[in-house]
Amino acid sequence: AVGRDALVKKFYAKAESVTDLVAPTFKAGRTLVFFDTVTEPISRIEVGDQMYAFVDWYQAQIDLCDQGDANCSLQWNAFTSEGIAIRGVSANDAHASEITQRDISRLAPFIIMSILVVLYLAFRDVRVILVSAANLLVSFVWTAGLMGYLSIPFSALNMTVIPLILGVGIDYGIHIISEFLEHKADGRTNMEAFQEAGTRAGIAMFLATLTTISGLMLMALSPSVLMAQLGIVSSLALLVTFIFTLTLVPALLTLTRKEATGRHQEGSKLVLGAA
């Protein structure tokens, strides 16, 4: 059924009466499309993508019919190409995911360049920058792998895990690397420097990770599937980033720096005064 009796006056299977199928304004017609995701398993976003692809094709056919093109495959041409709208969770998710992916692809080069500049100004060492970048890459790969293992697709919401890993990964990396270089400057061995860094920065990072994950996991109780998935994915990203910062970063620094050295940071008088 297309609508209530107030909208649908009558319907005959002939071209002359197709206008009677919907309201006279052609703006109140609605078609509900159901998908069997058991026989053909597809995600909610894929359903939305298929609907957008179909509407694009249909609008192209309308334009062909309006032009009198013989390739028009529509039996009836009762609509305008601008008068078709898609509604529903699947369509919203597909559209939001497309927009998010586009924005991330545009902003990612600027974000990465800014991170590299900050790391270079902070450490003046290319090897440290490469170690930090490797930590971010491995953390993202493991997070995406765990999402696949749990059958959680990338959506408009949980794609925010990318800037989350970038921000937290750089933050954690700066803490552990700065501590390591500071202790190396005091003449300690690699093992002693990392033991001290783990005791100081590592404990602080652990407490920050624990409290943040505790808050995020409350989102898993949300009746919204997207919000629950966002809570799970964000918690996984934080946990993975924390683990690799404490394990991968020390290993790579030790392997890439035969005689790791550092210099004492006297600190900014302005920052210290504000603190």
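Predicted model: local features only at pLDDT ≥ 70, side-chain atom pairs only at ≥ 80, totals over all residues.

Residues are numbered from 1 along each chain as its sequence is written, and side-chain values use heavy atoms, with hydrogens and water left out.

Q: What makes a set of residues a nonpolar core, and which residues touch the most other members of the largest one?
A: A nonpolar core is a set of buried Ala, Val, Leu, Ile, Met, Phe, Trp, Tyr and Cys residues joined through side-chain atoms within 4.5 Å, where buried means under 20% relative accessible area with a 1.4 Å probe and protein chains only. The largest such core has 31 residues, of which Leu119, Phe123, Ile176, Ile177, Phe180, Val249 and Leu253 touch the most other members. Helix 4 (161-185) is among the helices that each supply at least two residues of this core, and Helix 4 gives the most, with nine residues.

Q: Which residues is Leu253 in contact with, leaving aside its neighbours within four places in sequence?
A: Contact means heavy atoms within 4.5 Å, and on that basis Leu253 is in contact with Val128, Val131, Ile177, Phe180 and Phe194.

Q: How many nonpolar, polar and charged residues has the lining of the second largest pocket?
A: With Ala, Val, Leu, Ile, Met, Phe, Trp, Tyr, Cys and Pro counted as nonpolar, Asp, Glu, Lys and Arg as charged, and the others, Gly among them, as polar, this lining has 18 nonpolar, one polar and no charged residues. Helix 2 gives the most to the lining, with eight residues.

Key. Buried < 20%, exposed > 50% of the residue type's maximum accessible area, 1.4 Å probe, protein only. Helix = DSSP H or I, 4+ residues; strand = E, 2+ residues; numbered from the N terminus.
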